[in-house]
Amino acid sequence: MSRKKIIAGNWKMNKTPSEAVALINELKPLVANDEVDVVFCVPAISIIPCIEAAKGSNINIGAENMYFEESGAFTGEIAPNMLTDVGVKYVVIGHSERREYFAETDITVNKKVKKAFEHGITPIICCGESLEQREQGVTIDFIRQQIKIAFLDITAEQAKTAVIAYEPIWAIGTGKVATTEQAQEVCAAIRVCIAEIYDQATADAIRIQYGGSVTAASAPELFTQPDIDGGLVGGASLKPEFGKIVNYK
Ligand code: PEP
């Protein structure tokens, strides 16, 4: 089964809107590669100017978060139809920083995943273990639980189009990349879990990224593993180096 790679940048809380536009313009020629899906998930305030800046290129602009209600008294939140109205097709859901600092749980992740699909937005669903969990040998059990809850009430047809980002928390922003074997092992286990929830066809279709201190040096080996279909990249997506990551081959 050949799956198109998806390489996404997560800009987190970086860059003002005008800096974001300048960065899109700088990266545009460097990431011009139609063989992979290229996405930049940017701060909400920069989504519209970045979409404008990316027009006519292969760059997709995504969101870093979204709320699970349609509208109403939820001060500070962004509704799904606000994203679709401006052409957003991808949203990061349940990043470990949102789980840690903004009290997101597996349950809210599932609500957001359901809502994203209702609106035709592709969720990039994040999962990943802490260092303590890895050292205790419970990584796969923990990730399986995160995946099973994230996909509650999601149909196989929807799941086939989802993106999962496996991001060991200890590797995010730390410069510590998981070894290729560690990343492949967990991504393969996630695919097995999807096959158990749905069927092999769904497991074969879903795209699973690795994330955690990916660089131009580590991308080629990571992205050519059988169960790794690209990456979710933080720090290096803010630099010209991201062009090398997209063109990892
Ligand atoms: C991320 O933000 O999802 C991430 C993986 O960050 P970094 O690449 O900087 O570790």
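Predicted model: local features only at pLDDT ≥ 70, side-chain atom pairs only at ≥ 80, totals over all residues.
The largest nonpolar core comprises 67 residues. Within this core, the residues with the most contacts are W11, F40, I61, F151 and I190. Helix α9, which spans residues 180-197, gives the most to the core, contributing seven residues.

The surroundings of W11 were examined with its neighbours within four places in sequence left aside. On this basis, W11 is in contact with A20, L23, I24 and L27, with the run from F40 to P43 formed by F40, C41, V42 and P43, and with C50, E64, S237 and L238.

Helix α9 has 18 residues and reaches 26 Å from its first C-alpha to its last, close to the 26 Å expected at 1.5 Å a residue. The buried residues of α9 are T180, A183, Q184, V186, C187, A189, I190, R191, C193, I194 and A195. Of these, I190 is also listed among the residues with the most contacts inside the largest core.

Two packed helices are described by the angle between their axes and the distance between the axes. Helix α5 (residues 106-118) and helix α7 (residues 139-150) pack at an angle of about 40 degrees, and their axes lie 8 Å apart. Because of this angle, α5 is oblique to α7. The crossing of α5 past α7 is right-handed. On the α5 side, the contact is made by D106, I107, V109, N110 and V113, and on the α7 side by Q145, Q146, I149 and A150.

Note on methods: Residues numbered from 1 in each chain as written. Heavy atoms only, no water. Core = buried A, V, L, I, M, F, W, Y, C linked by side-chain atoms within 4.5 Å. Buried < 20%, exposed > 50% of the residue type's maximum accessible area, 1.4 Å probe, protein only. Helix = DSSP H or I, 4+ residues; strand = E, 2+ residues; numbered from the N terminus. Contact = heavy atoms within 4.5 Å. Expected span 1.5 Å × (residues − 1). Axes fitted to C-alpha atoms, helices over the stretch in contact; angles between N-to-C directions. Parallel < 35°, antiparallel > 145°, perpendicular 65-115°, else oblique. Left-handed = near helix turned anticlockwise from the far one by under 90°.
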